[in-house]
Amino acid sequence: MGDNIGSLNATSHRQAASSDIATARHVVAASFLAWMLDACDFFIVLFTLDDVAHSFHASLESILLAPTLTLLTRPIGAFLCGRAADRYGRKPVMIGTILVYSAIEVLSAFAPTLAIFLFLRALFGIALGGEWGVGTSLIMESVPASWRGMASGILQAGYPAGYLLASLAFLLLSVLGWRGLFILGGSALFSALYIWIRVPESPEWLAQQKNKSVKSVETLGLGGIIRHNLALCVFAVTLMAAFNFMSHGSQDLYPKIFLGLERRLPHPSITLIVVLYNIAAIMGGLFFGLLSQRIGRQYSIALAALLTLPLLPLWTLPHSSLWLTVGAVCIQFCIQGAWGVVPAYLSELSPPSVRATFPGLAYQCGNLIAASNALLQTGLASLLKTGLAPALMLVVGGAAFVVLTLTILNARLHPTKTLT
């Protein structure tokens with residue numbers, strides 16, 4: 001009888017563990033899918049700027065306001081959606097952000113005027129800015145501790161994967177037109193259905209709701225959270241500004257301006273390089289995310305930033321497409337590798353009661369500061385009168401050095417804590 005009871009208990013434990021693993025897999029898959037489709041919708045706009053301008057009989061400079069407005073409103077989304085997720089739960093807010101950005105993507109296709117199109121892209125930025133922080137908190141609070149490094153890398157790999165998906169969708173432009181591509185982008189709403197059916201609420205958030213001794217964002221207020229963690233907030237925003245300068249500095253002007261205009265590479269070669277370095281970015285995020293599980297988040301970030309520095313000349317100085325490809329692939333492996341650790345790192349730094357608000361807001365505020373990247377790099381190139389290569393190296397190298405320095409200093413002062 002006792003053996004039977006023991007056997008039943010063992011079977012029950014195995015079934016429960018199997019169920020937890022299956023749930024964690026769904027959370028990882030859903031968070032990756034949501035971020036990938038969000039990024040895809042953003043990049044579809046960048047790929048169709050000329051077509052949108054022609055459709056509205058507007059200048060390209062006017063249409064460039066669309067991605068600019070999207071970037072400017074991302075911190076608003078990080079705050080509003082993060083605050084809502086800290087109050088009402090990760091799952092419903094994440095579903096809401098996906099439904100909103102999917103609807104806006106479709107509505108953008110039917111915009112009758114440029115003004116309405118730009119207004120919709122500003123609203124899209126709110127959903128775009130909100131999704132990452134909410135998804136990060138959901139995934140980091142739902143997966144086993146041993147999975148967090150891998151899950152962090154998978155989540156962040158959604159961004160370059162979205163870039164690749166948008167590149168593939170762009171091949172349909174001649175068939176669907178830019179409006180058809182925007183309607184196709186609205187299919188992201190199916191990921192919301194997946195989350196609704198297969199993804200449970202964060203167990204960490206549910207536990208916090210039961211623990212009345214934990215001060216929540218409602219009782220202390222976000223302003224109080226910031227005042228009590230001012231040094232942490234300044235550190236996180238500064239770090240994420242450097243991260244975004246590192247990423248945007250290596251991507252924004254590199255394909256069309258540097259490779260196309262300065263190195264005069266043909267369009268097929270540029271496309272191949274972009275595809276290859278995005279694949280490398282995905283692999284880098286996974287590699288350094290897994291590595292962070294062994295050597296720690298901060299040292300994994302620091303290593304990726306350190307490896308970026310000696311690659312700068314290989315990335316910009318060659319004139320042959322072969323060596324430029326090697327340099328671009330290697331540097332994106334390292335830069336996006338460092339990014340692969342960010343979701344886990346910011347989540348583990350965050351105060352528990354604002355874990356949906358803090359990571360996303362720090363990320364988007366840093367992104368807002370780095371929005372000046374293109375102007376900074378072109379300004380440096382004009383000042384130095386040596387072309388864009390030195391400007392690219394100075395901005396990306398400076399940002400990588402700041403990331404390296406801040407993470408090493410913080411590792412010495414405050415070893416990375418785990419989620420509580």
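The lining of the largest pocket takes at least three residues from domain 1 (21–201) and at least three from domain 2 (223–419), where the domain bounds come from an automatic or database domain assignment. Before I go on, please keep in mind that this is a predicted model, in which local features need pLDDT of at least 70 and side-chain atom pairs count only at pLDDT 80 or more, while totals for chains, interfaces and linings use all residues. Residues are numbered from 1 along each chain as its sequence is written, and side-chain values use heavy atoms, with hydrogens and water left out.

So, to the pocket itself. A pocket here is an open set of points on a 1 Å grid over the protein atoms alone, where a 1.4 Å probe fits and where protein lies on both sides within 12 Å along at least five of seven lines; lining residues have an atom within 4 Å of a point. The largest pocket has a volume of about 1,700 Å³, a volume being the space filled by probe spheres set on the points, with grid points joined across faces, edges and corners. Of its 50 lining residues, the closest to the centre are Leu 46, Leu 49, Gln 251, Asp 252 and Lys 256. Sorted by class, the lining holds 29 nonpolar, 15 polar and six charged residues, with Ala, Val, Leu, Ile, Met, Phe, Trp, Tyr, Cys and Pro counted as nonpolar, Asp, Glu, Lys and Arg as charged, and the others, Gly among them, as polar.

Let me turn to the core. The largest nonpolar core has 122 residues, and those with the most contacts inside it are Phe 117, Phe 243, Met 246 and Tyr 254; by nonpolar core I mean a set of buried Ala, Val, Leu, Ile, Met, Phe, Trp, Tyr and Cys residues joined through side-chain atoms within 4.5 Å. Buried, in turn, means under 20% relative accessible area, exposed means over 50%, and partly exposed is in between, with a 1.4 Å probe and protein chains only. Helix α1 (residues 2–47) gives the most to this core, with 14 residues, helices being DSSP runs of H or I with at least four residues, numbered from the N terminus. This core, too, draws at least three residues from each of domain 1 (21–201) and domain 2 (223–419).

Next, the charged pairs. How many salt bridges does the count come to? The count comes to four, where a salt bridge is a side-chain nitrogen of Lys or Arg within 4 Å of a carboxyl oxygen of Asp or Glu. In one of them, the side chains of Asp 86 and Arg 90 meet with N to O at 2.8 Å, and both Asp 86 and Arg 90 are buried. Arg 90 also forms a salt bridge with Glu 141, whose closest N and O atoms are 2.8 Å apart. Because Arg 90 lies in helix α5 (residues 90–109) and Glu 141 in helix α6 (residues 114–142), this pair ties together parts that are 51 residues apart in sequence. Another salt bridge joins Arg 121 to Glu 105, with the closest N and O atoms 3.1 Å apart, and this pair links distant parts of the chain, Arg 121 being in helix α6 and Glu 105 in helix α5, 16 residues apart. Arg 121 counts as buried because its relative accessibility is 1%, and Glu 105 is buried as well, with a relative accessible area of 0%. Through shared partners, salt bridges join Asp 86, Arg 90 and Glu 141 into one network.

Now for two backbone details. His 57, although not a glycine, has a positive phi of about 55°; this residue lies in the loop between α2 (49–55) and α3 (60–63), and it counts as exposed because its relative accessibility is 73%. Arg 264 is likewise not a glycine and has a positive phi of about 55°. Arg 264 sits in the loop between α14 (254–262) and α15 (267–295), and a relative accessibility of 69% is why Arg 264 counts as exposed.

Gly 249, in helix α13 (residues 230–251), is buried at 0% relative accessibility, and its C-alpha atom is separated by 7.4 Å from that of Ala 374, 125 residues apart along the chain.
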